[in-house]
Amino acid sequence: MLNHKNGKTKQEKATNEFNQIVVGNSLSKDAWRRLRKNKMAVISVILVSIYILLAVTAPILPIYPYDEIVIDHQDLPPSLTKTAGELMRDKELAKMYAQAWRQGRLVVDEATNEMLEDWVSRSKVNKVWDYLLPEGNRQLESGTFTWNASEQRSIDSREKRIANEIQISIEKMWLKDEQGKLSDVKHLETDEIVALYAKLLGVQANLLVDQYTYEIEMQLLKKIKAESTGLTDDEYNMMLRDQLDSMSTKNYDALVKENIYEKIASTIKDMAMEQLGTEASQAETTYPLNEKVAVTEYLTASVKATKMHDRRYYLGTDSLGRDMLSRIIYGGQVSIAIGFIGTLTSVLIGVVLGSLAGYLGGKIDYFIMRVVDIMYGLPYMLLVIIAMAIFGRNILNLFFALAIISWLTISRMVRGQIMSLKNQEFVEAARSMGASTPRIIFKHLVPNSLSVIIVFSTLRIPSFIMTESFLSFLGLGVQAPYASWGSLVGESVGGMTLYPWRLFFPAIVMTVFLFAMNFLGDGLRDAFDPQSKNQL
Amino acid sequence: MNKKTPKSYENMLEVKNLKTYFLTDAGIVKAVDGISFSLRQGETLGIVGESGCGKSVTNLSIMRLIPSPPGKIVDGQIIFEGTDILALPENELRNIRGNKISMVFQDPMTSLNPFLRISTQMIETIRIHQDISKKEALAKSIEMLKLVGIPAAEERIFNYPHQFSGGMRQRVMIAMALSCEAKILIADEPTTALDVTIQAQILELIQKLSKKLNTSVILITHDLGVVAGMCENVCVMYAGKIVEKAKTDDLYKQPAHPYTFGLIQSVPRLDKAKDGKLFSIEGQPPNVIDLPPCCPFHPRCHKVMDICRNQYPPTVDLGNSHEVSCWLYAEHKELADA
Amino acid sequence: MPEHNNSKQPLLTVTDLKQHFPIETGFIFKKQIGAVRAVDGISFSVYPGETLGIVGESGCGKSTTVRSIAQLYKPTSGSVWFNGLDLVNAPQDKLLIARKEMQMIFQDPYASLNPRMTVRQIISEPLTIYSNRNMLDPPMGKQEIEGEVEELMERVGLNRLFKNRYPHEFSGGQRQRIGIARALALNPKIILADEPVSALDVSIQSQILNLLSELQKERGLTYLFIAHDLAVIEYISTRVAVMYLGKIVELSASGELYHNPLHPYTKALLSAAPIPDPEIERKRKRIILSGDVPSPNKVHKGCYFYERCPNRMDHCATNIPPMKKISDNHEVACWLYQ
């Protein structure tokens, strides 16, 4: 060809016969260019990336642990400005004003009274609280209302708690041996740690055995009861025995170690609390505080102390005082993981079976497709529920149950694609070259149906998240203390009128993600195949 | 073959400086870039060119069927019986389209609706343009089918398109196109999808009907053999432009443009013994996006000169209505001017 | 013209090859209710260094013949002897070795290249496959395959700078060159070419035909060349087989076939092929065959061409004509010559 001479003499640049430089272009580049032109899809890509980033980095984000229960902080409303202490104070005061109003000590005019009565009768207690808090504060200031002695006492004690209460967490503990060498308590052997605890308490080590054996058994029993309900105590005990018998020594030792470690930690926590508590009441320390405390001559611990009521809950808390923000982020982790892993497994199964059925045809095709037909006939949700009931309720089983049922559609779709592709000449060409069946399927056929598969998977992720949410909503999905968007919504439906934020935030977050995924799927489909705009 | 029609006849169709561009992501595709030709009554005009040269776009422009966007007729006039089609409102256009100017497409299967009987489709077409009853329309349809040589037309008309073979379907298409007594029949590669023996049947049919009904025909094809047997005048298109226009005999005897010469030479001929290598035009047809202002054929031309690389050649009349756009003949014009 | 002589050993011998595709009905228990007789008992030999052309209309079974020879379909009966091996009954490993020497070129330059592979991957694929199976002699490393690909690209006239491009960035003619390079990669003895030029434009068609004949001279290739265009077949082939409805009706040296066609079908085909010369076209007398090619599902008692034959006799309706040698280079299956 003409251009090839040009190419050699000059710099090696690909030009056409008019000496115009020809820029390379692949189908995926083309698709990417089209995707970038679609504004909604670009916004969706950004949103989805933010979500995934948050979910992945959740453990290192400066948020409170998602499973940390602070009883004092139950049902605090979201606030950007107020600390937990202030919110707590407001909440308690509002309740006390309401009580005072009920007792007739807090006097309001006739019209207001009627309005408040009306709210109470329509069980809109939160409106009453919201109204009475500023009203009470105003009256208290102008002197028309005073607390009685017992109320004043409880207010004072709460104020003191809010000012002084601290929370201590043990980051790490070290054991000093005779040579003065430090070793991490976490890495001690089981008998060493038991010995350490005994030394700490000043008792014989063998006296502890009964206690921890009992505790571990109780712990296991609780777990068994949560996984399978409705059995008799005897049966539970039998299951417990079975489990203990079948457990290896190593696993049992690990349980013991965990149990004792927690105990040592809580002992140290108590000791530190005592020490720091006095310091705090004298307002001598500033928080948060990180320090290394020598508990005894052989035990050192690094302790972190924060003022409990200085916490801020931007999205409020739930009924156990857990931070909604971190629960939503961790819940997102679970929901998104279920979406992606579920889709991935179902796509893998679906692509392999679908392409085998499509390419090989004949009896294999017939067999696979009849299996698909039969599974289509079974009620999808029922199967998942049954699977969850049989294999127990945990996240892995949920993944598994969703994946084994959701490959049906994709396998049919891939089969159709492969069947239309397998008579193309490039497949015949590969066959005439002696290419093996796996090579033809995975080098020629699957790459050519990849765009359809990608688009389908993207649109599939939201539906997985929806299914998981639905199951969690029914109480069949993830179990406490884990959270998912669905379980967060499910838990909060009860207190919907009193604590709307508990429902509102996870619902919004989930909706935005689902929207973004759907727009992204649409965008991808248009990008890969501009002609298919109205299909699928 | 229809001999030269008297000059007193007005041109049925006159295309002047037609430009149809497509605005794509990659740039402006000048699919048709300033072409002009005319068609007399009863004349058969051939438009020849390779795929992508703009011959189909030309004919879609005449019907104003360019998908828009991305396509747009940016300039030019198409004068049919004294009126400019491009200036007509849509409702008047419908009166011309399918009625006075009809089309036959390359693939007869895709241009017939597979879910409707032939009768339904034909009656509908006729009744859109003519104010006659269903019965009369049916009778007319049967008459047309007989005219195009479909045996047992009275029964076959109630069949569905898939019950016809490829050649028969193309006959039905021609019958439909001519059922409204069209003045112009545009046949876009009518025989490309058909076998040689069937192709011969269809071409003969078109020729016979055009003579009988005095219909003008625009035959769009890539096959020089088909043009040789059918047309009186030929336009050769390359990269959106007409590079040569002549009477068929002149064109084949003395092709002026190197492209036309190359095209004719590069077809293997049954009637000539093979003598070694076949003549061939090197290179590829150009991509019509962002063409530089040169002769688009110059990279493939065996008579290329310096000027060809920088400027598009003017159109030169070689006499006997033989026109060519090539720098080889530009001197002629200068001489004539002087 | 390399005259073949019978003392030479044929490279490929096809004997009574039949390829029937069952027509099945029923949902679970499939029942065969008939068969599409795509290829219905054909025999021929191909000698080293020659080009055997197969010509016929669509549906005559010429593409199926090639695919049956390449064992893309398992033939219903008959044998295909290639290089001293019967491919039909050969075990898988022997077949793979034999296939190395037998490569294919396909009709559609768009569908025959995997759109998700780069040109480099496409051309190197046969080498990679055989290299992975350790059947390459001598074995080639990655680097050597790379070099081979570049060499092949330059040989078929492609710029090697384009080796990492995808097929959709090339024009039809360039894609066909890629297909040819792929077929040449394993250095085969015979190339089965299934209508390699019928989807190409006229100017590109002659380039590809020239390339194919150059390669034949350089590498001593043997071609089995399929086309529906008689002129192309006549130009490229040493001998030509005319197929009709799954049977060979005439087999002759190519010049002989044009000057002295014997079978009425061959005569009709030749007369229907348009010639790009208006004067000759006007003078020619066409034999227009009536009707279409009948369905290949039917079992025939007599000559397959009986329904459309202009010279049919009563004898033809009930007896299938055998192949008869008329002269050294000419065989025909027709009762007129028995």
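Reply: Glu217(A) counts as buried, because its relative accessibility is 18%, where buried means under 20% relative accessible area, exposed means over 50%, and partly exposed lies in between, with a 1.4 Å probe and protein chains only. The model is predicted, so local features need pLDDT of at least 70 and side-chain atom pairs count only at pLDDT 80 or more, whereas totals for chains, interfaces and linings use all residues. Residues are numbered from 1 along each chain as its sequence is written, chains are lettered from A and ligands numbered from 1 in the order in which they are written, and side-chain values use heavy atoms, leaving out hydrogens and water.

The partner of Glu217(A) is Arg241(A), with the closest N and O atoms of this salt bridge 3.5 Å apart; the term stands for a side-chain nitrogen of Lys or Arg within 4 Å of a carboxyl oxygen of Asp or Glu. Arg241(A) belongs to helix H10 (residues 233-246) of chain A and Glu217(A) to helix H9 (residues 206-227) of chain A, so the contact ties together parts that lie 24 residues apart in sequence. Helices here are DSSP runs of H or I with at least four residues, numbered from the N terminus.

A second pair sits within one helix: the side chains of Glu135(A) and Arg138(A) meet in a salt bridge at 3.0 Å, N to O, and both residues lie in helix H6 (residues 125-142) of chain A, three residues apart, which is about one turn of the helix. Glu135(A) counts as buried, because its relative accessibility is 14%.

A straight helix of its 37 residues would span 54 Å at 1.5 Å a residue, but H17(A) spans only 45 Å between its end C-alpha atoms, the expected span being 1.5 Å times one less than the number of residues. H17(A) bends by about 50° at Val446(A), with a proline, Pro447(A), following within four residues; the bend is the angle between axes fitted to the seven residues ending at a residue and the seven starting there. After H17(A) comes Gly475(A), which has a positive phi near 90°.

Chain A also has a network of salt bridges that links Asp318(A), Arg322(A), Arg327(A) and Glu491(A). Over all chains, the structure holds 47 salt bridges.

Methods: Helix = DSSP H or I, 4+ residues; strand = E, 2+ residues; numbered from the N terminus.
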